[in-house]
Amino acid sequence: MTATDMNAEGLRRDEQLERLRLFGLASPALLLVLVILVIPVGWLFYVSFIGADGTFSMENYERMLKRKSYARIFRTTFEVSLLTTGLCILIGYPLAYFMSQLPTRWANLCLITVLLPFWTSLLVRTYAWLVLLQKRGLVNDWAISLGLWDEPLKLVHNLNGTLIGMVHIMLPFLILPVYGAMRAIDRDYLKAAANLGASPRRAFWTVFFPLSTPGLFAGALMVFVLSLGFFVTPAVLGGGKVIMVSMKIVSNIELFVNWGAASALGVVLLVLTIGVLWIASRFLNFEQMTGGGHG
Amino acid sequence: MTNQDALPITVRGVTKTYGDVFALDDVSLDVKSGEFLTLLGPSGSGKTTLLMVLAGFTRPDRGSLKFGTDEVIRKPPHLRDVGMVFQNYALFPHMTVAGNVGYPLRLRKVAKAEIAERVERALETVQLGGYGDRRIDQLSGGQKQRVALARSIVFEPRILLMDEPLSALDKKLRDRMQIELRHLHEKLGMTTVYVTHDQREALTMSDRIAVVNFGRIMQLATPQELYEQPENKFVADFIGDSAFLDVTRSGDTLTAAGTALRTSRAIPDAPDLALMMRPERLHLVSDKPGKDKNVFDATVTELVYQGESYLLYAQLGDGTEVAVRGAMRAGTYTGLPQPGGTVKLGLDAADTVLIAHEG
Amino acid sequence: MIGWFKSPASETQVTHGQRLWLYVFAVITMVLLVTPTLIVIPMSFSDSQYLEFPPDKWSTRWYQHYFGSDEWMRATRTSFKAAILTMLAATPIGVLAAYGLHASRVPFIRPAFILLITPMMVPVVLVAIGAFYAYVKLQILYTMTGLVMAHSLLAIPLVVIVTGSALKSYDMNQENAARSLGAPRWKAFVSITLPQIRFAVVTSALLAFLTSFDEVVIAMFISGGDNPTLTRNMFNALRDQIDPTIASISTIMIVVTTVMMALAQIFGTQRKK
């Protein structure tokens, strides 16, 4: 039976070779991620522990805990992210619900409408709000002519402008998963609830809403995580008054060339992001959201 | 398109494990040249795995596989030159019927004119002559089935593999296709290995059947041998319906449900035996049965009208429930004993089959 | 008309009338989602510094300013070049990666997939300063190569997700069938699988293009010197004052996006005979 045993060796080699060759197709992509993301970020992690005098020190992190300006930045970042997420939920959930109740053709039309801003450049959208919200901008002009207020309001270069811009940018991120979850809810559940005696309101809150929460959670999570690290919109619409962690990182490098401080902030931001994602992965099927991976 | 030199298949010692599970456990098998052999078994039995090993899509842990005299176990699928029909046809939707059927010929760099001719011939063989220009989504299930078949034979392979090709069709179509496939095999003569879980299909179409379970071949025999003399309980149970009675041995006498058994069949050399009782072999007897007949006392539990036959369920003395199937003529049904009544069931000695009690 | 208000809108017999507030709200929200972007277009033709709507005086002065500026034109060329190169680089790499992960039986597929998705999950700022740091060391700062590499990093996760998702709903048995008929794996992929995931591949290419074209933060750090991108210049201009030229550039960017999407539709959908 030596012939059979020899085949075992050869077969094993064949299998390994095939596996490697297939996996190898992914190697350029993996290499790129390693070289441009993992290694540099790892290096930044290392740099964050180097003080102004070039030796190992915790001063970058201590600065974050001590200085009041840093505390304010973290608070602002969380505030903006939470407010953005909350507003997106308040506005996006009803819209998603509306879409889920439409016949497919109309729903798809609405979906295109929701996704349209998605395809437009972030910068263009932010700029559009800048123009609309300025003192002599469209919103003020129309509001005054409609008699809503008398003096032009400062709608931009502050928290309000930032929030308006960010909600506008983030809404599609919330609507898509929620809409997807809603669409997947079997209509028969609602019929059963009605049949068992539930009023429309009761049926909604006890049957429909709970079934839509996974999508809602996924969407809210995405909005929150994206808002934490967001740069462009707060930088443009905040006018220097709304300083988020990302902006501080940029100014640390551009203005002060303080790599230690910048990378320490970056590490904290990264840890926060990963932390939030990890907590969420306990509750969600990550692969449902991205639709990738195996099985 | 006759195939004078169909190849025999030799399988030796093929084992495939997934972790601790043996999908195939040291399987050896000889498929004769030009034979129609069916791998029959329940899902998870390993029959599909074995077919995939033959095709080259599943690499076993060890073993030898020969097509004729060539060792092919390490050959990739595209070099094995076997025709294969998949369960869901796997037709290419972005090509026409002719495009699909001509694909293997284009791969083999056959001249364009010859491709067209051979494609048409293949389509005619499966009774789809002239369908070349149709798109795949315009075809019915049965037609897709035939296109898949045409595609797998157009390059004249010497071995044909089929993975439950009829399971997606409705019953009437399936029955008809079984006969057509059988005719096709007789016409083309290529060695065919067919996988199914439907025992009736296997019995209808095969020259020989390999009953598979737990990654092993439980019995390899002709349909008739499998039905009449199963070698173990699994095969007996899987093919046809039957009830089993425990048989006790005392000295030379074999007893089941209180009746001493007379049999003209071979008695397997095993410590534990079971008596196989097929519904159509059992019959109702009067008080004075003839010789060479085993009689069992039973109480009727249920009567079922089945149109062309009846099913009478009865409980034997030891509690086992058996079924008796009989043909129906005018007045038969009303003349049957009612539930609660006692009956005597007879089993001819020639039909008294004993099998080993394992597997 | 009144009847419609009273008619049931869903399984729970809620009427349209009761839901009216929802309909109004939804319509208003959708309008608000779309109009800000679209309004930039007519506003860009306004003669005034403050970009009125509707424009009092129509003019193309901001467009003239844009096309007439060497600086803006150079930046535009850079952005287009980077976007096209990113599309050409990221799409094949991403498609092959998606296929490799899908077909491979290696045990560490899940971690590899997560690694490939990471650039999407990490805040862009971090990627930007990380790349900046690395490029200074590698001396490829401000080069096109460096820019395309960084943008590809951002684009590849999108390509992998879109293509991976298409592969998941694709019947791999067709490739097996092709292989049983005599095609080696690569040929089966090219002749059978690729044509059928064409829409996903084209969409991925489009996404790769737009990701690079619209990208701001990374470009801010690693494009510059001879090769500043359009977005980088736009952002700098925005930080200082509301330059109305940006309105015309924005309009042009919207047009470019629309054209790319139309091209994707044309090349992506199967041709029916």
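Student: What makes strand S9 (residues 208–213) of chain B and S10(B) a pair?

Tutor: Count the bridges in this predicted model. There are 5 bridges between S9(B) and S10(B). Pairing needs at least two bridges, so these strands qualify. They run antiparallel. One bridge sets B:Ala210 against B:Leu220 in S10(B).

Student: Which sheet holds S9(B) and S10(B), and what is its strand order?

Tutor: An open sheet of 6 strands in chain B. The order is S6-S7-S8-S3-S9-S10.

Student: What makes S6 (83–85) and S10 (216–221) of chain B edge strands?

Tutor: Each has a single partner strand, so one side of each has no neighbour in the sheet. From one strand to the next, the twist averages 15 degrees.

Student: How do you know that the pairing in this sheet is mixed?

Tutor: Compare two pairs. S9(B) and S10(B) are antiparallel. S6(B) and strand S7 (residues 159–163) of chain B are parallel, with 3 bridges. B:Met84 sits opposite B:Leu161 of S7(B). Both senses occur, and the pairing is mixed.

Student: What is the pairing in the sheet S2-S1-S4-S5 of chain B?

Tutor: Antiparallel, in an open sheet of 4 strands. Strand S2 (21–31) and strand S5 (70–71) are the edges, pairing on one side only. Now take strand S1 (residues 9–18) and strand S4 (residues 62–67) of chain B. They share 5 bridges in the antiparallel sense. B:Ile9 faces B:Phe67 of S4(B) across the pair.

Student: How many helices and strands does chain B have?

Tutor: 8 helices and 20 strands. S5(B) spans 70–71. A strand needs at least two residues, so S5(B) counts.

Student: What share of chain B is buried?

Tutor: Chain B has 359 residues, and 39% of them are buried. A buried residue has 20 or more other C-beta atoms within 10 Å of its own.

Student: What share of the contacts in chain B joins residues 24 or more positions apart?

Tutor: 68%, among contacts with a separation of 6 or more. The C-alpha trace of chain B spans about 75 × 50 × 35 Å along its principal axes.

Student: Where do the domains of chain B lie, and how far apart are their C-alpha centres?

Tutor: The domain assignment gives domain 1 at 9–233 and domain 2 at 241–356. Their C-alpha centres are 39 Å apart. Contact involves 4 residues of domain 1 and 5 residues of domain 2. On the domain 1 side, 1 is nonpolar, 2 are polar and 1 is charged.

Student: Where are the domains of chain C?

Tutor: Domain 1 is 2–62 and domain 2 is 70–268. The C-alpha centres lie 32 Å apart. 8 residues of domain 1 touch 7 residues of domain 2. Helix H2 (residues 20–43) of chain C supplies 4 residues, the largest share of the domain 1 side. That side has 5 nonpolar, 3 polar and no charged residues.

Student: How many residues does each chain give to the contact between chain C and chain B?

Tutor: Chain C gives 15 residues and chain B gives 16. On the chain C side, helix H8 (173–180) and helix H9 (185–196) each give two or more residues. H8(C) has the largest share, 6 residues. By class, the chain C side has 6 nonpolar, 7 polar and 2 charged residues.

Student: How many residues do chain A and chain C give to their contact?

Tutor: 71 from chain A and 80 from chain C. Helix H2 (residues 27–47) of chain A gives the most to its side, 11 residues. The chain A side has 50 nonpolar, 16 polar and 5 charged residues.

Student: Which residues touch the most other members of the largest nonpolar core?

Tutor: C:Ala128, C:Ile129, C:Ala131 and C:Ile218, in a core of 259 residues. C:Ile129 touches residues including A:Leu44, A:Ile249, A:Gly266 and C:Phe221.

How values were computed. Residues are numbered from 1 along each chain as its sequence is written. Chains are lettered from A and ligands numbered from 1 in the order in which they are written. This is a predicted model: local features need pLDDT of at least 70, side-chain atom pairs count only at pLDDT 80 or more; totals for chains, interfaces and linings use all residues. Axes are lines fitted to C-alpha atoms, for helices over the stretch in contact, and angles run from 0 to 180 degrees between N-to-C directions. A nonpolar core is a set of buried Ala, Val, Leu, Ile, Met, Phe, Trp, Tyr and Cys residues joined through C-beta atoms within 7 Å. A residue is buried if 20 or more other C-beta atoms lie within 10 Å of its own, exposed if 12 or fewer, and partly exposed in between; C-beta atoms are placed from the backbone. Two residues are in contact if their C-beta atoms, placed from the backbone, lie within 7 Å. Ala, Val, Leu, Ile, Met, Phe, Trp, Tyr, Cys and Pro count as nonpolar, Asp, Glu, Lys and Arg as charged, and the others, Gly among them, as polar. Domain bounds come from an automatic or database domain assignment. Lists of a residue's contacts leave out its neighbours within four places in sequence.
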